[in-house]
Amino acid sequence: MTTLTPLYLLAAEQKSAEVTDWSARIAWVIGLLVFIALVYWLMRQGWKWRGSLQSGLPELATTPEGFADDEVLLSLTGRYHASTTAGQWLDRIVAHGLGTRSRTELTLTARGLDVVRPGASDFFIPAEALREARLDKALAGKVLPEGGLLIITWSHGETRIDSGFRSDHAAEHQAWVDTVNHLTSTTEGTAR
């Protein structure tokens, strides 16, 4: 019968080699940090390139004088997710700050929709430019449960735009869809 004692003693005597090549490890860490910085720089360049491709988009409208005195149909606080070319949920529009996610306060009156975004550029959508509102689940890479996003479609120059919002209280979304669609049907009826 063989004993395992000599094997145990032999294994106990062996030690792993100490790490002495710190320069190689430091070089790998620096290389990894440079690679990460390069990836972020390329992402930033892609964002700027997309903005230059969309430079033909006209300047956004600003809130008209006396808008605060108008009768408010609806108001909402929540998040602005993004704007895309209408019908193309991944084609994000970055020109004029429309690609920047932010908090938002929406105010709808008979004159239009005022979008106030702390930390990003505010804009105004005249009632004549509103086309429709709907509930959806995805926009510009942001996917939420079914009906989690309020999408407002509007015209800006020659471009139709889908802008996505999420209320702090999702139960408000359906009232927004109904009111905006009623407002657009009323505006289209008076334009004819």
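**Figure 1. Asp-162 and Arg-134 form a salt bridge in the predicted model.** The closest N and O atoms of Asp-162 and Arg-134 are 3.3 Å apart. The pair links distant parts of the chain: Asp-162 belongs to strand S9 and Arg-134 to strand S5, 28 residues apart. Asp-162 is buried, at 3% relative accessible area. Arg-134 is partly exposed, at 24%. Arg-134 also forms a salt bridge with Asp-136, where the closest N and O atoms are 3.5 Å apart. Asp-136 counts as partly exposed, with 22% relative accessibility. Shared partners join Arg-134, Asp-136 and Asp-162 into one network of salt bridges.

**Figure 2. Thr-153 makes a polar contact with Asp-162.** The contact runs from side chain to side chain, at 2.6 Å. Thr-153 sits in strand S8, which spans residues 149-156. Thr-153 is buried, with a relative accessible area of 3%. Leaving aside residues up to four places away in sequence, Thr-153 touches Ala-86, Ala-129, Leu-130, Arg-131, Glu-132, Arg-134, Ile-161 and Asp-162. Two of these neighbours, Arg-134 and Asp-162, belong to the network of salt bridges with Asp-136.

**Figure 3. Strands S8 and S9 form a hairpin.** Between the two strands lie 2 residues. Gly-157, in the turn, has a positive phi of about 65°. S8 and S9 pair in the antiparallel sense, over 7 bridges. Ile-151 stands opposite Gly-164 in S9. S9 covers residues 159-167 and also runs antiparallel to S1, joined by 7 bridges. There, Gly-164 is the bridge partner of Ala-82.

**Figure 4. An open sheet holds 7 strands.** The strand order is S4-S3-S2-S1-S9-S8-S5, with antiparallel pairing. From one strand to the next, the twist averages 30°. Within the sheet, S2 and S3 (residues 112-116) pair in the antiparallel sense over 5 bridges. Leu-106 has Val-115 in S3 as its bridge partner.

**Figure 5. Arg-103 and Asp-168 form a salt bridge.** The closest N and O atoms of this pair are 2.9 Å apart. Arg-103 is partly exposed, with a relative accessible area of 38%. Asp-168 is partly exposed as well, at 42% relative accessibility. The count of salt bridges comes to 5.

**Figure 6. His-96 has a positive phi.** The value is near 60°, in a residue other than glycine. Most residues other than glycine have a negative phi. His-96 is placed in the loop between strand S1 (74-85) and strand S2 (102-109). With 26% relative accessibility, His-96 counts as partly exposed.

**Figure 7. The chain contains 3 helices and 9 strands.** From the N terminus on, the elements run α-α-β-β-β-β-β-β-β-β-β-α. Of the 192 residues in the chain, 32% are buried. Among contacts between residues at least 6 apart in sequence, 60% join residues at least 24 apart. The accessible surface comes to about 12200 Å², and 59% of this area belongs to carbon and sulfur atoms.

Definitions and conventions:
Residues are numbered from 1 along each chain as its sequence is written. This is a predicted model: local features need pLDDT of at least 70, side-chain atom pairs count only at pLDDT 80 or more; totals for chains, interfaces and linings use all residues. Side-chain values use heavy atoms; hydrogens and water are left out. Helices (H or I, at least four residues) and strands (E, at least two) are DSSP runs, numbered from the N terminus. Buried means under 20% relative accessible area, exposed over 50%, partly exposed in between (1.4 Å probe, protein chains only). A polar contact is a pair of N or O atoms within 3.5 Å; within protein, one must be able to donate a hydrogen and the other to accept it, and residues adjacent in sequence count only if both atoms are side-chain atoms. Contact means heavy atoms within 4.5 Å. Accessible areas come from the Shrake-Rupley method with a 1.4 Å probe; for residues, only the protein chains shown count as cover. Two strands pair if DSSP finds at least two bridges between them. Axes are lines fitted to C-alpha atoms, for helices over the stretch in contact, and angles run from 0 to 180 degrees between N-to-C directions. A salt bridge is a side-chain nitrogen of Lys or Arg within 4 Å of a carboxyl oxygen of Asp or Glu.
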